[in-house]
Amino acid sequence: MKRKSIKTVFTLMLMSSMLIAGCGGGNNNAATNNGNKSEGTTNNAATATNAANDTSPVTFSFFGADASPNWNKMQDDVGKVITEKTGVTLNAEYDVGSGGGEQKISLMAASGEVPDLIFAKSYIAKLVDAGLIIDMTDLIDKYAPNLKKIYGDNMNRLKYSKDDQKIYSIPTNTGVNQQSFDATGGFEIQHRVLKELGYPQVKTLADYEKVLKEYVAKHPETDGQPTIPLSLNADDWKIMITVTNPAFITTGAPDDGEYYVDPKTYEAKLHYKRPEEKEYFRWLNNMYAQGLLDKDTFVQKDDQYKAKVASGRVLGLISQEWEYQDGENALKSAGKDDYTYAHFPVTMSDQYKDHSFQSSGVDAAGISITTACKDPVRAIKFLDWLASDEGQVLMNWGIEGKQYTVNAEGKREIPADVQKKKTDDAANFAKETGIGLYTALTGHYGDGVKDSTGNYYTTNFPDQIVAAYSQAEKDSLKAYGATTWKDLFPKESDFPVKEWGALYNMPTPTDGDYQVTYKKTQDIIRKRIPEAILSKPADFDKVYDAFIAELNKAGAEKMEAEYTDLVKARVSLWTGKDL
């Protein structure tokens, strides 16, 4: 769901001089940073504490590669407190297109004009190569005790690559020690559909297809418009989320971006080459041939897709909640909870197991400080304050007495009226309160982790999750013998933690042939996968086989070999294995 990162090595005198001036010198030795003596730790903590008292006004510019439609220029409740506590105001810009920030970041790399702080996802490599990102190793060691506490023994996983072991970004997209209590992805079906059909079994593609086919036959129209059994969003990179990623999800492989990695040999190949995935795309081809797949799937834009979801006439989705949430929120606001979606772990057959909850460990897109930042020390202290217990509770829960209360037993609770607004009017709630808008700015704990008071850092824990469900969701879950959607999915404990982490974050070469070949293969994939799905069923094998041959002709095999070497290097860096 996600992009690929990029690998490089560079040494920049300007960066070094900035760190010496801003951080008081010190060496860039990763081993030293991971082995502080108690005296050094005490001094560093004291320095950071003193620095935290500096609340003089300062503004940092920021760019986020993901959209943030509810951003309110820190005039929300949480933002105002953050500024009060730290003195920091963010002049923030977020990507507004469907390209995930790639175009904007490419322009930054070419021009050298960057904001002070940036959430660049995998595209950070373009900026690293351009010498525009600073090494935060010493900054974290000297001024960020809260970040060091959060990452603990996982600091090794923050290093950029085996060849370049600097820390260019702090993972923020996923919380540390994340324990998911709910599922927000998979194969979605509207609750009204499930209810009318008596809550049928939904485990395989055949089950899923049967449900959609049966319901649309009974209800060819929804509110006067044609009912759409299944719609996918293929606009730009989101084709990965709803069209291509489900091919490995339904066939028992974990999410490693565009690759499949053999867990024994670490050999990598484009996941489309797996024979079982060909059968998934054959299923989509068959869905289209039957008129069950939206005929506009490969021509509609992101906003058109979301508008269809908001209309209530799309029975099924194959996606992640964040991807279609705007449309679903509109349904909730309109009181159409029956038109919102249930989540199922659907596979090709019962021989496969959905790997959605296989852990990648600490490894995520994150926040970086650029060479444009005139005060990187103040910047890291700001990120560290956000990572403090006080900061994390504020970002996740809001303000005590306004968005949450503390009962006689010392437990944080969200009042019913606040929870109702949070659920039914999610966009305005986020815009007004700021809850959930700031976690991408810093390292933080994931769901299921408790603070020193015995409370969860986040509001995503069983009781709170269930409280946020609509009655339609509760009815569906009860019918399937579940309390949360995750109860229907295989658990984290069913799988080992991936030694190579989340490969869509792994640095890959920006020089040489790799990026050229990768771009060629992506162009082929985005052209030929739709072509295969839209082809006549009798022509599917011919089209798909030609697609694989075209990938190889474009240099895929050489690219895969190079990627395999990178995977092995990453496993070696993180585990100490000699590969």
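## Close-up views of a predicted model

**View 1. Four strands build an open sheet of mixed pairing, in the order 8-11-5-12.** Here strands (E, at least two residues) and helices (H or I, at least four residues) are DSSP runs, numbered from the N terminus, and two strands pair if DSSP finds at least two bridges between them. Strand 8 (228-230) and strand 12 each have a single partner strand and stand at the edges, so one side of each is left without a neighbour in the sheet. Neighbouring strands are turned against each other by 30° on average, direction ignored; axes are lines fitted to C-alpha atoms, for helices over the stretch in contact, and angles run from 0 to 180 degrees between N-to-C directions. This is a predicted model, in which local features need pLDDT of at least 70 and side-chain atom pairs count only at pLDDT 80 or more, while totals for chains, interfaces and linings use all residues. Residues are numbered from 1 along each chain as its sequence is written, and side-chain values use heavy atoms, with hydrogens and water left out.

**View 2. Strand 5 (residues 185-190) runs antiparallel to strand 12, and four bridges join them.** Strands of a sheet pair through backbone hydrogen bonds, either parallel or antiparallel. Phenylalanine 187 stands opposite phenylalanine 344 in strand 12, and the bridge partner of isoleucine 189 in strand 12 is alanine 342. Glutamate 188 stands opposite histidine 343 in strand 12 and opposite leucine 317 in strand 11. Strand 5 and strand 11 pair in the antiparallel sense over five bridges. Six of the six residues of strand 5 are buried, where buried means under 20% relative accessible area, exposed over 50%, and partly exposed in between (1.4 Å probe, protein chains only). In strand 12 (residues 341-344), Tyr341 and His343 point one way, Ala342 and Phe344 point the other way, and all are buried.

**View 3. Helix 13 (residues 302-311) and helix 14 (residues 321-333) cross at roughly 35°, and their axes come within 7 Å.** The crossing is right-handed, which means that the near helix is turned clockwise from the far one by less than a right angle. Helix 13 contributes Asp302, Tyr305, Lys306, Val309, Ala310 and Ser311 to the contact, and helix 14 contributes Glu323, Tyr324, Asp326, Gly327, Glu328, Ala330 and Leu331; contact means heavy atoms within 4.5 Å. The buried residues of helix 13 are Asp302, Tyr305, Lys306, Lys308, Val309 and Ser311. Their cover includes strand 7 (225-226), strand 8, strand 11 (314-320), helix 14 and strand 12. Glycine 312, with a positive phi near 85°, follows helix 13.

**View 4. A second open sheet holds five strands in the order 2-1-3-13-4, with mixed pairing.** Its edge strands, strand 2 (88-94) and strand 4 (170-171), each pair on one side only. Strand 1 (residues 58-64) and strand 3 (residues 117-119) pair in the parallel sense over three bridges. The bridge partner of glycine 64 in strand 3 is phenylalanine 119. Helix 5 (residues 102-111) lies across strand 1, strand 2 and strand 3, and runs at about 120° to strand 1.

**View 5. The largest nonpolar core has 128 residues, of which Leu90, Tyr208, Phe281, Trp283 and Ile380 touch the most other members.** A nonpolar core is a set of buried Ala, Val, Leu, Ile, Met, Phe, Trp, Tyr and Cys residues joined through side-chain atoms within 4.5 Å. Helix 15 (residues 376-387) supplies the largest share of this core, eight residues. Isoleucine 380 touches Met136, Leu139, Ile140, Tyr143, Ala144, Leu147, Ile170 and Ile369, not counting residues up to four places away in sequence. A second, separate core of 16 residues includes Phe63, Ala120, Ile124 and Ile133.

**View 6. Asparagine 245 lies in helix 11 (residues 239-249).** Asparagine 245 is buried, with a relative accessible area of 1%. Aspartate 256 is 11 residues from asparagine 245 along the chain, and the C-alpha atoms of the two are separated by 9.3 Å.
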